[in-house]
Amino acid sequence: MTHASTTSLTRSTHEIFSSEIKNRPSNYYLMTAETCKQMLSDHLFWDVDRENVDMKSHAAFVVQRVLEYGTISDWRLLRDFYGIALIVELCKTMRTLDPICLSFISAISKTPIEEFRCYHTKLLTPTPRTS
């Protein structure tokens, strides 16, 4: 992970993540962060070294990768590890998110799509899926 990608979490998102983690009992997780990372599909980390990805400090990166490129098994792992509330809070701060993924996370969380930052941000160079 480069320095630029580690600063993608806004302070408020980091605070939300930290408070979510602190409020959970120590036995909350059914698996460790390392186990969850190793169980995710290899293709999610095609451009980074999986060993350098931290499930806590790079949570937004992992969530976006799973939403946009992951399998249903990856989604279930992510949901079980982070929880829907934290995934939604992370997604709300993302500048870009595939429109299908945005609709999915909005629908399953019953969060109005207008609350997501990426809903209001247009890509300068649209991709075939976003145009």
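This is a short tour of a predicted model, stop by stop.

**Before you start**

Residues are numbered from 1 along each chain as its sequence is written. Because the model is predicted, local features need pLDDT of at least 70 and side-chain atom pairs count only at pLDDT 80 or more, while totals for chains, interfaces and linings use all residues; side-chain values use heavy atoms, with hydrogens and water left out.

**Stop 1: the whole protein**

Show everything as a cartoon. There are eight helices and zero strands. Helices here are DSSP runs of H or I with at least four residues, strands are runs of E with at least two, and both are numbered from the N terminus. Along the sequence the pattern reads α-α-α-α-α-α-α-α.

Now color by burial. Of the 131 residues, 37% are buried. Buried means under 20% relative accessible area, exposed means over 50%, and partly exposed lies in between, with a 1.4 Å probe and protein chains only.

Contacts are next (heavy atoms within 4.5 Å). Among contacts with a separation of 6 or more, 55% join residues 24 or more positions apart.

**Stop 2: α4 against α5**

Select residues 59–69 for α4 and 72–82 for α5. Their axes are 9 Å apart, and the helices pack at an angle of about 150°. That makes α4 roughly antiparallel to α5. Axes are lines fitted to C-alpha atoms, for helices over the stretch in contact, and angles run from 0 to 180 degrees between N-to-C directions. Under 35 degrees counts as roughly parallel, over 145 as roughly antiparallel, 65 to 115 as roughly perpendicular, and the rest as oblique.

The crossing of α4 and α5 is left-handed. A left-handed crossing has the near helix turned anticlockwise from the far one by less than a right angle; clockwise is right-handed.

Show side chains. From α4, pick Ala59, Val62, Val63, Val66 and Leu67; from α5, pick Asp74, Trp75, Leu78 and Tyr82. These make the contact. They divide into eight nonpolar, no polar and one charged. Nonpolar covers Ala, Val, Leu, Ile, Met, Phe, Trp, Tyr, Cys and Pro; charged covers Asp, Glu, Lys and Arg; the others, Gly among them, are polar.

Stay on α4. Nine of its eleven residues are buried, including Phe61, Gln64 and Arg65.

**Stop 3: α6 against α7**

Select 84–92 for α6 and 99–109 for α7. The axes of α6 and α7 come within 11 Å and cross at roughly 140°. The two helices are therefore oblique to each other. Their crossing is left-handed. Ile84, Ile87, Val88 and Cys91 of α6 meet Ile105, Ile108 and Ser109 of α7. By class, that contact has six nonpolar, one polar and no charged residues.

**Stop 4**

Pick serine 106, in α7. Serine 106 is buried, at 11% relative accessible area. Beyond four places away in sequence, serine 106 touches Thr111, Pro112, Ile113 and Phe116.

Move to lysine 110, in the loop between α7 and α8 (117–120). Lysine 110 is exposed, at 75% relative accessibility. Check its phi: near 55°, a positive value in a residue other than glycine. Most residues other than glycine have a negative phi.

**Stop 4: Glu51**

Finish at glutamate 51, in the loop between α3 (33–39) and α4. Glutamate 51 is exposed, at 52%. Glutamate 34 is 17 residues from glutamate 51 in sequence and 9.1 Å away, C-alpha to C-alpha. Not counting residues up to four places away, glutamate 51 touches Glu34, Lys37 and Gln38.
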